[in-house]
Amino acid sequence: MTKSELIDRLATRFPQLVAKDAEFAVKMILDAMSAALIRGDRIEIRGFGSFALNYRPPRLGRNPKSGEKVEVPEKYVPHFKAGKELRERVDFVASTQ
Amino acid sequence: MTLTKAELSDLLFEKVGLNKREAKDMVEAFFDEVRDALEKGNGVKLSGFGNFQLREKPQRPGRNPKTGEEIPITARRVVTFHASQKLKATVESTPRVNSD
């Protein structure tokens with residue numbers, strides 16, 4: 001499912017709204033989620049999951065072409081952890097038992 | 001500060017002009033649709049933010065950490081999230097104090 005398919009589905013679920021509202025809403029939600037992670041804030045969506053930044057310490061890497069050692073600085077990477085409900089619904093083992 | 005569904009619906013109320021009820025329902029529906037797609041086995045691509053993918057993991061040996069007893073971890077399907085290049089780059093280039 002792509003962003004535009006998601007917008008179409010939401011527009012169908014909210015027939016009282018104009019289609020532009022669904023598009024704007026999806027954009028606002030995603031922008032707010034990105035902004036939270038960029039600030040270093042967590043996102044917690046009950047029943048879905050949580051997003052946070054994971055810390056990666058600085059390390060010595062290697063340029064794969066030249067074999068030269070390079071210092072890779074510390075960094076933060078976005079991480080998602082599925083919530084219990086999402087985890088259980090997606091797991092085919094649980095859903096067939 | 002943690003971002004939750006409550007803040008997201010406030011935002012839709014203030015910025016999109018939905019009424020409070022619609023704003024709350026819209027946020028709920030947004031995550032419901034993503035969850036539904038994943039449950040049906042479809043990945044979700046939200047350009048500019050990231051992709052949710054499904055991975056099938058085979059059974060592997062595990063251990064009860066308390067008793068040390070060996071028990072297999074059953075085969076399962078799990079969700080993985082990959083932030084977009086754009087989001088990763090912006091997160092990386094934003095200076096922050098190491099609070100960990």
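Is Gln59(B) buried or exposed? Gln59(B) counts as exposed, because its relative accessibility is 54%. Exposed here means over 50% relative accessible area, buried under 20%, and partly exposed in between, with a 1.4 Å probe and protein chains only. Gln59(B) sits in the loop between β3 (50–57) and β4 (60–63) of chain B. Helices (H or I, at least four residues) and strands (E, at least two) are DSSP runs, numbered from the N terminus. With residues up to four places away in sequence not counted, Gln59(B) touches Pro72(B), Ile73(B), Thr74(B) and Ala75(B). Contact means heavy atoms within 4.5 Å. Ile71(B) is twelve residues from Gln59(B) in sequence, and the two C-alpha atoms are 11 Å apart.

The model is predicted; local features need pLDDT of at least 70, side-chain atom pairs count only at pLDDT 80 or more, and totals for chains, interfaces and linings use all residues. Residues are numbered from 1 along each chain as its sequence is written, chains are lettered from A and ligands numbered from 1 in the order in which they are written, and side-chain values use heavy atoms, with hydrogens and water left out.

The model scores ipTM 0.90 and pTM 0.89. pLDDT is the predictor's confidence in each residue, from 0 to 100. Chain A has a mean pLDDT of 93, with 95% of its residues at 70 or more. Chain B averages 94, and 97% of its residues score at least 70. Within chain A, confidence is highest in strand β1 (residues 42–45), at 98, and lowest in helix α4 (residues 92–96), at a mean of 56. Where pLDDT is low, the predicted coordinates should not be read in detail.

The largest nonpolar core has 50 residues. Such a core is a set of buried Ala, Val, Leu, Ile, Met, Phe, Trp, Tyr and Cys residues joined through side-chain atoms within 4.5 Å. Phe51(A), Leu12(B) and Phe52(B) have the most contacts inside this core. Helix α2 (residues 19–39) of chain A gives the largest share, ten residues. Beyond its neighbours within four places in sequence, Phe51(A) contacts Met33(A), Leu37(A), Arg42(A), Ile43(A), His79(A) and Phe80(A) in chain A, and Phe49(B), Phe52(B) and Phe81(B) in chain B.

The largest pocket has a volume of about 400 Å³. Its lining comprises 15 residues; nearest the centre lie His79(A), Phe80(A), Val79(B), Thr80(B) and Phe81(B). A pocket is an open set of points on a 1 Å grid over the protein atoms alone, where a 1.4 Å probe fits, with protein on both sides within 12 Å along at least five of seven lines; lining residues have an atom within 4 Å of a point. β5 (75–82) of chain A and β6 (76–83) of chain B each supply at least two lining residues.

Contacts between the chains also involve arginines. Arg35(B), in helix α2 (residues 20–39) of chain B, counts as buried because its relative accessibility is 7%. Outside four places in sequence, Arg35(B) touches Arg46(A), Gly47(A), Phe48(A), Glu85(A), Leu86(A) and Arg89(A). Arg13(A) lies in helix α1 (residues 3–13) of chain A. Arg13(A) is partly exposed, at 37% relative accessible area. With residues up to four places away not counted, Arg13(A) touches Ala29(B), Asp32(B) and Glu33(B).

Ser84(B) occupies the loop between β6 and α3 (85–93) of chain B. At 15% relative accessibility, Ser84(B) counts as buried. Leaving aside neighbours within four places in sequence, Ser84(B) contacts Gly48(B), Phe49(B) and Gly50(B). Gly48(B) is 36 residues from Ser84(B) in sequence, yet their C-alpha atoms are 5.8 Å apart.

How values were computed. Grid points are joined across faces, edges and corners, and a volume is the space filled by probe spheres set on the points.
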